[in-house]
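Dear colleague,

I am passing on to you the structure shown below, together with a written account of its packing. Please read the two side by side.

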Amino acid sequence: MKEKIQKFAELILESENIVALTGAGMSTESGIPDFRSPGTGLWERMDPSFADISTFTRNPTAFYQTMLEIGLNMIKAKPNAGHKSLTKLQKMGKLNGIMTQNIDGLHKRAHTKNVIEIHGTINEAKCMGKCGKIFPITTLVNQLLSGNPSTKCPDCDGILKPNAVFFGEQLPTEALERTDELIANCDIMMILGTSLLVSPANFLPYKALNVDAKLGIINREKTNIDHQCLVVIHGSIAEILPKIVEIVEIEYNKK
Ligand SMILES: [Zn+2]
């Protein structure tokens with residue numbers, strides 16, 4: 001393990017344009033349940049059609065009755081040592097940006113810049129009505145907590161929904177375009193806490209390989225891309241990433 005941590009740090013040290021792709025394993029230590037993990041994932045205990053956009057628009061009240069508590073926990077969650085390590089790397093000029101599958105907003109709360117939220121974010125609410133405006137999530141939460149069974153846009157009375165991508169909804173095109181731009185010039189992609197089972201995240205490492213970038217991965221389980229990675233570490237991000245960044249920092253301070 002020690003050698004792998006060293007090797008991962010060396011990869012970062014010798015690279016100029018570093019990007020990270022992150023998934024649920026990034027936020028485990030922040031107490032956020034993985035929605036898709038076999039055995040423990042939320043969608044194994046709960047019918048995923050709950051988070052289907054057509055179910056939601058038909059009956060937002062039913063959605064909130066089930067999901068409000070989970071949502072509130074996510075909003076209250078704090079960045080862990082893994083998120084903070086990425087911010088540190090970025091301050092040393094060793095992280096250009098992050099593409100994340102997570103909707104928890106924790107990268108932004110850890111003050112990392114250039115974060116692309118492929119599946120949207122729970123930190124915002126979006127009006128599905130005429131105006132289509134984005135509001136802070138508190139606009140929606142305050143309505144729910146004051147006893148409103150469903151939530152309305154303050155401007156146009158449209159349905160207000162969390163700005164995370166529901167099943168059956170299109171991914172934000174702008175975010176996808178930004179991932180392409182981010183990958184276009186990268187020389188290493190760090191894959192962190194994702195088993196790469198969900199599109200489009202599962203394609204992104206191949207896009208990096210196409211521009212001759214190197215790959216390094218930290219994930220609890222094996223993935224289909226492991227054999228393409230120069231370093232493969234199976235373990236916890238919050239535990240391992242700070243150790244890697246510590247080595248980078250020591251070298252960085254020597255310069
Ligand atoms: Zn509106």
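**Helix packing and the sheet**

Helix α4, residues 60-76, packs with helix α7, residues 137-145, at an angle of about 130°, and their axes lie 12 Å apart. Please bear in mind throughout that this is a predicted model. Because angles over 145 degrees would count as roughly antiparallel and those from 65 to 115 as roughly perpendicular, α4 is oblique to α7. The crossing of these two helices, α4 and α7, is left-handed.

On the α4 side, the residues in the contact are Tyr64, Leu68, Leu72 and Ile75, and they meet Ile137, Leu140, Val141, Leu144 and Leu145 of α7. By class, this contact of α4 with α7 comprises nine nonpolar residues, with no polar and no charged ones.

The contact of α5 with α10 divides into ten nonpolar, two polar and three charged residues.

Turning to the sheet, six strands form an open, parallel arrangement in the order β3-β2-β1-β7-β8-β9. Its edges are β3 (115-117) and β9 (231-233), each of which pairs on one side only. From one strand to the next, the twist averages 15°. Within this sheet, β7 (residues 188-192) and β8 (residues 214-218) pair in the parallel sense over five bridges. Methionine 189 has leucine 215, in β8, as its bridge partner.

Which helices lie across the strands? Helix α1, residues 2-13, lies across β1 (18-22), β7, β8 and β9, and runs at about 135° to β9. Helix α8, residues 173-184, lies across β1, β2 (97-100), β3 and β7, and its direction is at about 140° to β3.

Yours sincerely

Technical notes:
Residues numbered from 1 in each chain as written. Predicted model: local features only at pLDDT ≥ 70, side-chain atom pairs only at ≥ 80, totals over all residues. Heavy atoms only, no water. Axes fitted to C-alpha atoms, helices over the stretch in contact; angles between N-to-C directions. Helix = DSSP H or I, 4+ residues; strand = E, 2+ residues; numbered from the N terminus. Parallel < 35°, antiparallel > 145°, perpendicular 65-115°, else oblique. Left-handed = near helix turned anticlockwise from the far one by under 90°. Contact = heavy atoms within 4.5 Å. Nonpolar A, V, L, I, M, F, W, Y, C, P; charged D, E, K, R; others polar. Pairing = 2+ DSSP bridges.
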